[in-house]
Amino acid sequence: PVRQGQAAFAGTPDAPVLEVTAAEGTVETIESAHYLIATGTRPWVPLIQGLDGVEYLTSTSAMELSERPDSLLVLGGGYVALELAQMFARLGSKVPLLVRSRLASKEEPEVSRSLQEVFADEGIRVVRRAVPSRVARDTVTGQVVVMAEVSGGEQEFRADEILVALGRRPVTEGLNLEAVGVKTGEAGQIVVTDQLQTANPRVWAGGDVTGHPEFVYVAARHGTIVAENAFTDANTSVDYTRMPRVTFTGPAIGAVGMTEKEVIAAGIRCDCRVLPLEYVPRALVNRDMRGFIKMVANADTGEILGLTAVAKDAGVARTLVYHYFPGKKDLLRAVLESEADQLLADTDIDPSLSPRDNAEAALRAYLTRFHSASGGLRELYATGDPAGINTIVERSRATHIERILALTRAEDTP
């Protein structure tokens, strides 16, 4: 059964219980063999002079607006700030973005540079190394006025509304965790083992409240792990080695695995390559060459440790390729064949031509585009085996020639 109310732990570490206070004030005591804390997070608002005196927006309240503000000042450079800044800009708001370091600072530096170019093209002003110091509401214009330290000097920023998107913090206040021996970290997150067990063996935690990556699929996996470990002694551990992550900007940021910085910090010799989208056939067909694909591999073994892409639908294509094709040659083959499939599907059909002529035109277009990109791909995914790479390229081309011929024969059949 579901209980509604405010919950808090009571009892002792050896005999924990949960007390649920209902809206009418009645208290129910619940005793269980195991407890799971999954209270999530809430938007974090820093202590900035005057901020409490203005009606600022968070990622939650911004979605509840009934009217679009003419201008919106965004504080933050993480995924929430990026997505909402671009959304409001595309809805017609004038959007300046104040960022302490760089956009998407946890991702590859190429991501920041690429997104900053995209935002500039869309009229979003990105101000880096900006630290807000004071906030007030202009009584004459009604606008929010923010004073910020920018690269050593003070600047003023004005907007109709201000959105605070500087991260989130775990919701653990009022749970009385110390009564049952559950420990928390500096940001309030519940400290857990790799098996998601707290300092109290009967209390578990999962999802954002643990301070682990804040994704829905991570929380869902946590629930499964806790159930297995609590009731079957499975001793299953969390593993984020190949966890995909996506930021839904346009173009999107798709990444999985380690970044170049993480690989170097781990003492692994890195073979890191960046491919601009101008060398990717699908980007040429989509007429959107903003972005790149970056591969991070172990230089000694050839194992792919991470992929990052800024591109249309980057979060879907690249994470799937990473999960199913762990080797360089297999990845090259997958990329070539998937791009060729898209080229073939996107080829314009001339209704004045016969099916065979259309197929020949498609083949010519495919080969032209394929060869214009394959040089860059071969350089990017060089494995020290030129003959092997050429074999992959020719095999892919031959496969698609056969597909076109089969299509032609099928359409010519009465």
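E110 counts as buried because its relative accessibility is 16%, under the 20% cut-off. This is a predicted model. E110 sits in helix α2. Beyond its neighbours within four places in sequence, E110 is in contact with V274, F292 and K294.

**Helix α2**
- The helix α2 has 13 residues. From first C-alpha to last, α2 reaches 19 Å, close to the 18 Å expected at 1.5 Å a residue.
- Buried positions in α2 are E110, V111, S112, S114, L115, V118 and F119.
- An α-helix has 3.6 residues a turn, so residues three or four places apart point the same way.

**Largest nonpolar core**
- The largest nonpolar core holds 26 residues. V74, L82, L97, L103, F119 and L163 touch the most other members.
- Two or more residues each come from β6 (72–75), α1 (79–91) and α2 (109–121).
- Helix α1 gives the largest share of this core, 6 residues.
- In soluble globular proteins, nonpolar side chains tend to be buried together.

**F119 and its contacts**
- F119 is buried in α2 and is among the core residues that touch the most other members.
- Not counting residues up to four places away in sequence, F119 touches L82, Q86, L97, L103, I124 and V126.

**Second core**
- A second, separate core has 21 residues. Among them are V192, A205, V209 and I225.

Technical notes. Residues are numbered from 1 along each chain as its sequence is written. This is a predicted model: local features need pLDDT of at least 70, side-chain atom pairs count only at pLDDT 80 or more; totals for chains, interfaces and linings use all residues. Side-chain values use heavy atoms; hydrogens and water are left out. A nonpolar core is a set of buried Ala, Val, Leu, Ile, Met, Phe, Trp, Tyr and Cys residues joined through side-chain atoms within 4.5 Å. Buried means under 20% relative accessible area, exposed over 50%, partly exposed in between (1.4 Å probe, protein chains only). Helices (H or I, at least four residues) and strands (E, at least two) are DSSP runs, numbered from the N terminus. Contact means heavy atoms within 4.5 Å. The expected span of a helix is 1.5 Å times one less than its number of residues.
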